[in-house]
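Subject: Structure for you to look at

Hello,

Here is the structure I said I would pass on. Please open it first, then read the notes below with it on your screen.

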Amino acid sequence: PEAKAVAPGRLPGAEAGADEGMEVDEKGRIKGWEKTAEHIRGVFGRMGFSDREVVALLCGGHVYGRCHKEYSGYAGAWVENPTRFSNEYAADMVGDKWIL
C-alpha cells in the first residue's frame, strides 16, 4: 500500500492538455485550456464527479495546499487563511488579474 501512495505536493501533469510554452490567446487565457478542462472532466467523470464537485475538490485542495517555488517562483499558501475552508481560491481565480 505505501508503494502506491501519492506523495504530498503537486501532482505530475497538472497542465495536461495545455499547449507548450504557456502562451495566451486574445482573451488572456492559456492556449489549450479547453483540452485541460476536457482532461479534468474525463479523469473525475470516470469517478462519477460532476463539474460542481470537481471545482469544490480542486479549489478545496488549493485552500489547504501550498504553492511550490520550483513551479511558479513563489512558495507559500494560496489563500490568506489556509486552515479555514472557503471559496477564496476560486474567487481569486475569477476575480484577480493574472499575468504570465
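How many salt bridges does the count come to? The count comes to three. Please keep in mind that this is a predicted model. As background, side chains of opposite charge can pair when their charged atoms come close.

**The salt bridges**

One of the pairs is Asp-25 with Arg-29, whose closest N and O atoms are 3.1 Å apart. Asp-25 has a relative accessible area of 17%, so it is buried, the cut-off being under 20%. Arg-29 counts as partly exposed, because its relative accessibility is 32%.

Lys-31 and Glu-23 also meet through their side chains, with 3.8 Å from N to O. Both are partly exposed: Lys-31 has a relative accessibility of 34%, and Glu-23 has a relative accessible area of 47%.

Then there is the salt bridge between Arg-41 and Asp-51, at 2.8 Å from N to O. This pair links distant parts of the chain, since Arg-41 is in helix α1 and Asp-51 is in helix α2, 10 residues apart. Arg-41 is partly exposed at a relative accessible area of 49%, and Asp-51 is partly exposed at 43%.

**The chain as a whole**

The secondary structure comes to four helices and two strands. Along the sequence they follow the pattern α-α-β-α-β-α. The chain has 100 residues, and buried residues make up 17% of them. Its accessible surface comes to about 8,100 Å², with 57% of that belonging to carbon and sulfur atoms. Take the contacts between residues at least 6 apart in sequence: 17% of these join residues at least 24 apart.

**Helix α2**

Helix α2 covers residues 51-64, which is 14 residues.

Four residues of α2 are buried: Val-54, Cys-59, Gly-60 and Val-63. Among the elements that cover the buried residues of α2 are α1 (33-45) and α4.

**Helix α4**

Tyr-89 is in helix α4. Its relative accessibility is 10%, so Tyr-89 counts as buried. Not counting residues up to four places away in sequence, Tyr-89 touches Cys-59, His-62, Val-63, Trp-78 and Val-79. Two of the residues on that list, Cys-59 and Val-63, are also on the list of buried residues in α2. The C-alpha atoms of Tyr-89 and Gly-61 are separated by 9.4 Å, although the two residues are 28 apart along the chain.

Which side chain of opposite charge is nearest to Asp-92? It is Arg-84, and Arg-84 is 10 Å away. A salt bridge needs the nitrogen and oxygen within 4 Å. Asp-92 is buried yet has no salt bridge. Leaving aside neighbours within four places in sequence, Asp-92 is in contact with Trp-78 and Trp-98.

Val-94 has its place in helix α4, which runs over residues 88-95. Is Val-94 buried or exposed? Val-94 is exposed, because its relative accessible area is 74% and the cut-off for exposed is over 50%.

**Before α1**

Gly-17 lies in the segment before α1. With a relative accessible area of 33%, Gly-17 is partly exposed. Leaving out residues up to four places away in sequence, Gly-17 touches Gly-32, Lys-35 and Thr-36. The C-alpha atoms of Gly-17 and Glu-34 are separated by 7.7 Å, and these residues are 17 apart along the chain.

Regards

Terms used: Residues numbered from 1 in each chain as written. Predicted model: local features only at pLDDT ≥ 70, side-chain atom pairs only at ≥ 80, totals over all residues. Heavy atoms only, no water. Buried < 20%, exposed > 50% of the residue type's maximum accessible area, 1.4 Å probe, protein only. Lys, Arg positive; Asp, Glu negative; His and termini not counted. Contact = heavy atoms within 4.5 Å. Areas by Shrake-Rupley, 256 points an atom, 1.4 Å probe, with all protein chains shown as cover. Expected span 1.5 Å × (residues − 1).
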